Amino acid sequence: MDRDRLALALMATFLEELEGHVAALNRDLLALEKAPSPARTEELMTSLLRTVHSVKGASRAVSEGIIELACHRLEEVLVAVHRGGRTSPELMELCFATADALDDAGRRLAQKQSLEGSPLDALLPRLEEATHAPEPKPTAAKAATPKAPVPTPPPVEAPVPGPEGLPVRVSAQKLDALLARSGELRVAGLRMEGRVELMETVHEELHQLRLRLGGPDEAAARRLETRVAQLGRALATDRRTLLQATAGLDEEVRRARTLPFAETCAGLERSGRDLAREVGKQVRLEVHDGGLELDRSLLQGLREPLLHLVRNAVDHGLETPAERREAGKPEEGRVTLSARLLGGRVQVAVEDDGRGLDLGSIRERARRRGLPVLNDEGDARLIFLSGLSTAEAVTSVSGRGVGLDVVRSQVEALRGSVDVAFQPGQGTCFTLDVPLTLSTLRVLLVTAGGHTFAVAGESVARLLRLDPGDVRTVEGRRMWATPQALVPLATLTAVLGLPEGTPRPRPSAMVLASGEVRAVLGVDEVVAEQEVLIRGLGPRIRRGGHVSGMAVLPDGRLAALLNPASLVRAAEGRTVVSALFPAPAEKKARRRILLADDSMTTRTLERSILESAGYDVLACVDGQEAWERLQAEGADAVVSDVEMPRMDGFALTEAVRGSPRFGRLPVVLVTARARPEDKARGLQVGASAYLVKSAFDQTHLLETLRQLI
């Protein structure tokens, strides 16, 4: 390796170590500031001197003289603090400022910038002055007490080989690449399932072909069938082996990428401490379950949201010491961060013991901006909207209404959700719910508008078929009615702005959950549930609307991975713009039949037959009544007996045919007269059909009417 490449490699290693050393400095300085016991003070001073000494030695190796000089003077300051037996606020602030300047120096070196004129360079005179400051005179009691020796910075030792060998430093980029390859292997194993099923289908088709062949070709077909069966079994075995190996590899890579939850909280205590001093408050930050191991990418994605929430808790949530005394609380406020596993997801909570949320103020600000107000506890979620802030004035910390909007956006980019709960006068709790892994995911595949989409399976509360009776319209918005509540309802095509398809009688739908909020999304079809590889949208696409990534399906196709939280919000505000169900078929007007027969039994029977077939029936006792009602009410056809009092069927038919209004009306004569001359007479006067009662069949009557009308 040439000198330039060696220098670059050394600098990369130095910068990586410097980041950890700065975090250790902040951690130990914060602990020292809390005035611990003498034994604990001794332990912290030893740790601080060791850290500073390590940075000084490493900076000398990469020829960064400004860092080396600053660390040398910081060592002298720490020794002076230890000799004085107590820390002064001025010296502690100087130590914190030096830690910040070292952090800034690391960022400058990463960008290949000079450290001349940097904050660290500007601090050198202050550090020099602090090293020559007079030590405080010990009191008589202290003078009589033997002083513990000043710890000297221990030499930096190389790692000692243990039973598992030497530790190896691997860059995060290499671990990311290894995880990506592991995910691709896992998808390849899943793809082999389809190959095994295809082989089984080929074997079955070959078996059927052999049975049809017979004769001399049957033996050759049997041998081929046997070989295909053997190949199918071998392929199935290889698939199981591959899936087992990739599952093990995937698990080992994930374990190599995990870090304790406390790692992502490392700089939060310092940020909370600095902000509390700026706004005149006192705060103690606690981390619970800090040893929980989580994926490095997930922790990296949570760092900014947690920083915003801690600063929000200190600035908005906690009261001033005077207000806390008046409320009967300790002057020092408490902010607690905790993490826990829930199945395949992680819940991170940021809780404070402050004043809680002012719902009245939130609603007032929301109404000014024209935002919908629900007048229930759900209005607390309005604080996540961009531009809405309850701060009385705009400062460098708050007042612009962007902090919590940024939290929501960044958490949703991790395919998660954020919710808030509070108790007036007792505190506020923000809960971040994110997936345990960001590389692979079990998804539900659905279609909408001719496209296939993926939705995280853990976000789908249930699948259902929608019925018109389950849907309500409230203030122009569709709702799915359940015994407990009304849930917002929209179609996925409407939310995504895709062309609406043809409505179906019982469309498929999924109930999406985002925290405590639910929404129903109608889809064209639910395809399958699969484990897929997840790919990000890339740096060029900052926000993809309702899309948070791309899912690589087992067959190699890509499907957009939808953001459940974004879909739920969109469904809540979606007004009815298109039909969800097919329009009910217009009822065909029932055809009206004028029935004339003087026999009550025959009239009742024929009326029953006609009404069962869907006709409206006007029943009359003779031809005269039939003629009068026909002129008064009209009809689509006439079914009449022949032998009736006052006017028989022949006369009725003649009257109908002679009428300009009803001349083309179908007339069916149903009679007991079966003689040829009677039939001829009926057709002669204009009957459309002549049916004999002795051979009467209701099918013939109905078929005749169907053809005539």
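A salt bridge is here a side-chain nitrogen of Lys or Arg within 4 Å of a carboxyl oxygen of Asp or Glu. All views show a predicted model.

**View 1. Salt bridge between Glu458 and Arg345.** The closest N and O atoms of the two residues are 2.4 Å apart. This pair links distant parts of the chain, 113 residues apart: Glu458 belongs to the loop between strands E9 (451-456) and E10 (460-465), and Arg345 to strand E5 (residues 345-352). Glu458 is partly exposed at 38% relative accessible area, whereas Arg345, at 11%, counts as buried.

View 2. Beyond its neighbours within four places in sequence, Arg340 contacts Leu292, Arg345, Val346 and Gln347. The C-alpha atoms of Arg340 and Asp289 lie 7.4 Å apart, with a sequence separation of 51 residues. Arg340 has a relative accessibility of 47% and therefore counts as partly exposed.

**View 3. Salt bridge between Glu332 and Arg284.** The N to O distance is 2.7 Å. Glu332 is in the loop between helix H12 (321-326) and E4, and Arg284 is in strand E2 (residues 283-288), so the pair ties together parts 48 residues apart in sequence. Both count as partly exposed, Glu332 at 32% and Arg284 at 29%.

**View 4. Salt bridge between Arg381 and Asp419.** The closest N and O atoms are 3.0 Å apart. Arg381 lies in the loop between helices H13 (359-368) and H14 (403-413), and Asp419 lies in strand E6 (residues 417-423), 38 residues apart. Arg381 is partly exposed at 31% relative accessibility; Asp419 is buried at 14%.

Methods
Residues are numbered from 1 along each chain as its sequence is written. This is a predicted model: local features need pLDDT of at least 70, side-chain atom pairs count only at pLDDT 80 or more; totals for chains, interfaces and linings use all residues. Side-chain values use heavy atoms; hydrogens and water are left out. Buried means under 20% relative accessible area, exposed over 50%, partly exposed in between (1.4 Å probe, protein chains only). Contact means heavy atoms within 4.5 Å. Helices (H or I, at least four residues) and strands (E, at least two) are DSSP runs, numbered from the N terminus.
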